[in-house]
Amino acid sequence: MVLDTMSRTVVLGVIGSDAHVVGITILEQALSAAGFTVVNLGVQTSQAEFAEAAVAHDAEAVLVSSLYGHAEQDCQGFHRVLEDAGVDAVTYIGGNLAVGQDDFEHTRRQFRELGFDRVFDSETDPEEAIAALREDLRISPPESERATISS
Ligand code: B12
């Protein structure tokens with residue numbers, strides 16, 4: 001079943017000790033404008049805080065951001081924490097995920113193996129994440145965009 005309504009909740013935050021706030025602020029605005037209910041946990045968010053928020057808000061997606069180069073360490077065991085808390089949500093991660101990030105396909109594989117459903121690099125336009133969420137959560141695009149997609 002494809003759902004038309006967009007009151008779907010997304011939890012968003014920057015994991016670990018990372019304090020880069022600009023990316024998630026832009027993502028929050030874009031997701032809100034696209035009709036999602038966004039719970040922005042802000043910077044320096046622990047794995048447990050992501051899990052607690054996802055449960056408390058019955059989130060359908062958990063979006064993790066990391067810029068400072070320690071994402072791999074910060075995300076070890078993350079999906080186990082979500083699973084133990086009973087979270088049933090798609091998980092995305094994006095940002096500057098590796099130091100250097102010269103081979104993003106390698107980075108993507110690494111984070112897919114950690115359990116993330118989708119992995120985005122630092123060039124990602126928020127619209128890409130929104131399109132991915134619509135696909136993964138089976139939300140049909142708004143009327144205004146349907147003509148564009150079918151043309
Ligand atoms: C501003 C900045 C800072 C500011 C942050 C201020 C603040 N409160 O936000 C300050 C000066 C504090 C800072 C500190 C540090 N920084 Co800094 N910082 C930057 C800088 C210049 C810009 C980041 C930014 O705001 N970009 C603009 C936003 C719009 O883009 P964005 O964050 O990339 O987000 C977009 C995408 O990545 C994507 N995205 C992000 N997350 C997600 C998540 C999902 C799910 C999706 C779909 C998409 C997505 O969508 C966003 C919107 O388009 C970058 C370099 C750069 N040009 O990117 C370095 C950079 C991120 N910093 C870096 C480093 C190393 C640090 C420090 C560790 C430096 C140090 N030794 O102290 C510290 C870390 C401090 C900490 N605890 O976090 C490195 C990271 C290196 C790496 N990963 O390999 C970078 C890349 C600089 C560099 N080239 O070396 N930094």
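What percentage of the 151 residues in the protein is buried? In this predicted model, buried residues make up 36% of the 151 residues. The protein contains seven helices and five strands. Read from the N terminus on, these elements follow the order β-α-β-α-β-α-α-β-α-β-α-α. Among the contacts in the protein with a separation of 6 or more, 76% are between residues 24 or more positions apart.

The five strands form an open sheet with parallel pairing, in the order β2-β1-β3-β4-β5. Its edges are β2 (residues 37–40) and β5 (residues 118–120), each of which pairs on one side only. From one strand to the next, the twist averages 20°. Within the sheet, β3 and β4 run parallel and are joined by six bridges. V64 stands opposite I93 of β4.

Two of the helices that contact the sheet are described here. Helix α6 packs on the sheet and touches β3, β4 and β5. The direction of α6 makes about 175° with that of β5. Helix α1 lies across β1 (residues 9–14), β2, β3 and β4. Relative to β1, α1 runs at about 170°.

A further contact is formed between two helices. In general, a packed pair of helices is described by the distance between the axes and the angle between them. For helix α2 (residues 47–56) and helix α4 (residues 78–85), the axes come within 9 Å and cross at roughly 35°. The crossing in which α2 passes α4 is right-handed. On the α2 side, the contact is made by Q47, A48, A51, A54 and V55. The α4 side contributes F78, V81, L82 and A85. By class, eight of the residues in this contact are nonpolar and one is polar, with no charged residues.

The model also includes a ligand, surrounded by 26 residues. The closest of these are V22, G23, S65, G69 and G94.

Definitions and conventions. Residues numbered from 1 in each chain as written. Predicted model: local features only at pLDDT ≥ 70, side-chain atom pairs only at ≥ 80, totals over all residues. Axes fitted to C-alpha atoms, helices over the stretch in contact; angles between N-to-C directions. Helix = DSSP H or I, 4+ residues; strand = E, 2+ residues; numbered from the N terminus. Left-handed = near helix turned anticlockwise from the far one by under 90°. Contact = placed C-beta atoms within 7 Å. Nonpolar A, V, L, I, M, F, W, Y, C, P; charged D, E, K, R; others polar. Near = placed C-beta within 6 Å. Buried ≥ 20, exposed ≤ 12 C-beta atoms within 10 Å, placed from the backbone. Pairing = 2+ DSSP bridges.
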